[in-house]
Amino acid sequence: MRAVLVVNPQATATTPAGRDVLAHALASEVKLDVIETDYRGHAMKAAAKAAEEGVDLVVAHGGDGTVNEVVNGLLTAGSPAPMLGVVPGGSANVFARALGLPRDPVEATGVLLTAIERNRTRTVGLGRVSWHDGSRFFTFNAGVGWDADVVEWVDRKRGKQTSPYLYARAAMACYLKPAHGQPQLQIEIPGEQPHQGGRLAFVSNTDPWTYLGNRPVHLNAGCTFDGGLGLYSLNTLRLPTVLRALRQAVSKRGNQHGGKVLRRDDVESIRVTAEEPVRLQVDGDLVGERTNVEFTSVPRALVVAV
């Protein structure tokens with residue numbers, strides 16, 4: 001088996017020693033090339049090249065942003081894409097944890113080696129967000145509005161290190177002083193009348209939506225890698241509504257409901273439009289500002305070693 005290991009040395013939990021241990025362990029099982037990324041988009045480029053060259057397995061060692069780049073690179077060369085392996089090296093590692101992989105890189109390496117040896121895989125669906133001149137796949141979530149503002153804020157403030165506290169500060173700062181005020185969004189779902197007046201639109205490809213440290217945050221508890229996309233929107237950002245939503249999101253049941261909530265757990269597509277540009281994030285990576293985006297479910301898009 002030919003494999004490429006893509007390592008982001010700037011990710012929160014990656015170290016040279018950890019990289020070497022992972023590379024040595026993989027090299028005992030496969031014919032391995034190691035690529036360290038040194039600029040934004042490098043992981044995508046490396047994965048695309050591996051796919052074009054017919055590599056069997058591409059392993060992403062980094063955070064969710066690294067995984068997202070690798071996934072998008074793998075799928076640029078058409079079908080079938082190489083198998084994906086994930087060894088967490090970031091702070092949240094939402095995709096890896098949603099797959100049931102250990103957060104510890106050494107333990108995750110062991111799981112990956114066993115999966116290779118036993119040919120143990122899982123086929124997962126992805127989401128895809130498209131705009132007038134581009135598109136991008138996402139593995140666990142994407143969003144328009146508040147969450148994208150938080151991503152932008154954190155990107156400006158953090159170095160290599162991040163924490164749930166930093167994200168909590170960012171969420172509060174962006175709530176009190178939103179970059180674009182409170183946007184008016186129109187949300188379109190197939191078979192329904194357009195929903196007017198949304199203040200945010202969070203789209204999930206799995207549950208949980210993200211993690212705050214060890215605590216999962218649930219917006220669409222019925223959303224899985226095997227089904228369609230989840231949508232979560234609020235039509236007001238008044239403090240009582242937001243506090244209730246947060247309380248429901250961190251509860252064990254994660255049952256989001258209420259008169260101000262628009263929620264769907266298994267839909268094929270979602271279109272979001274705004275009169276003024278609002279920020280868009282994909283798997284925790286800021287894409288930019290858009291006025292018209294469409295999210296679509298892509299079933300059985302990728303094979304992952306688990």
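Start with the second largest pocket: select Val4, Ile35, Ala46, Lys49 and Glu53, which lie nearest its centre among the 14 residues that line it. Bear in mind that you're looking at a predicted model. The pocket has a volume of about 230 Å³.

Now colour the elements around that pocket. Strand 1 (2–7), strand 2 (31–36) and helix 2 (42–52) each give at least two residues to the lining. Which of the elements gives the largest share? That's helix 2, with 5 residues. If you colour by residue class, the pocket lining comes out as 7 nonpolar, 1 polar and 6 charged.

A pair of packed helices is described by the angle between the axes and the distance between them.

From helix 1, pick Leu22, Ala25 and Leu26; across from them in helix 5 are Thr109, Leu112, Leu113 and Ile116. That contact is made up of 6 nonpolar residues and 1 polar one, with no charged residues.

On to the cavities. How many of 30 Å³ or more does the structure hold? There are 2.

For the largest cavity, select Gly145, Trp146, Asp149, Cys174, Tyr175, Pro178, Gly181, Gln182, Pro183, Arg199 and Leu237, which make up its lining. The space in there is about 80 Å³. Show helix 6 (146–157) and helix 7 (164–176) too, as each supplies at least two of the lining residues. By class, the lining of this largest cavity splits into 6 nonpolar, 3 polar and 2 charged.

Last stop: the second largest cavity, with a volume of about 30 Å³. Select Val144, Val272, Thr273, Ala274, Val278, Arg290, Thr291 and Val293 to see what lines it. Then bring up strand 15 (269–282) and strand 16 (285–305), each of which provides at least two lining residues. Which strand has the largest share of the lining? It's strand 15, with 4 residues. Colour this lining by class and you'll get 5 nonpolar, 2 polar and 1 charged.

Notes: Residues numbered from 1 in each chain as written. Predicted model: local features only at pLDDT ≥ 70, side-chain atom pairs only at ≥ 80, totals over all residues. Heavy atoms only, no water. 1 Å grid on protein atoms, 1.4 Å probe; cavity = no way out; pocket = protein on both sides within 12 Å on 5 of 7 lines; lining within 4 Å. Points joined across faces, edges and corners; volume = space filled by probe spheres on them. Nonpolar A, V, L, I, M, F, W, Y, C, P; charged D, E, K, R; others polar. Contact = heavy atoms within 4.5 Å.
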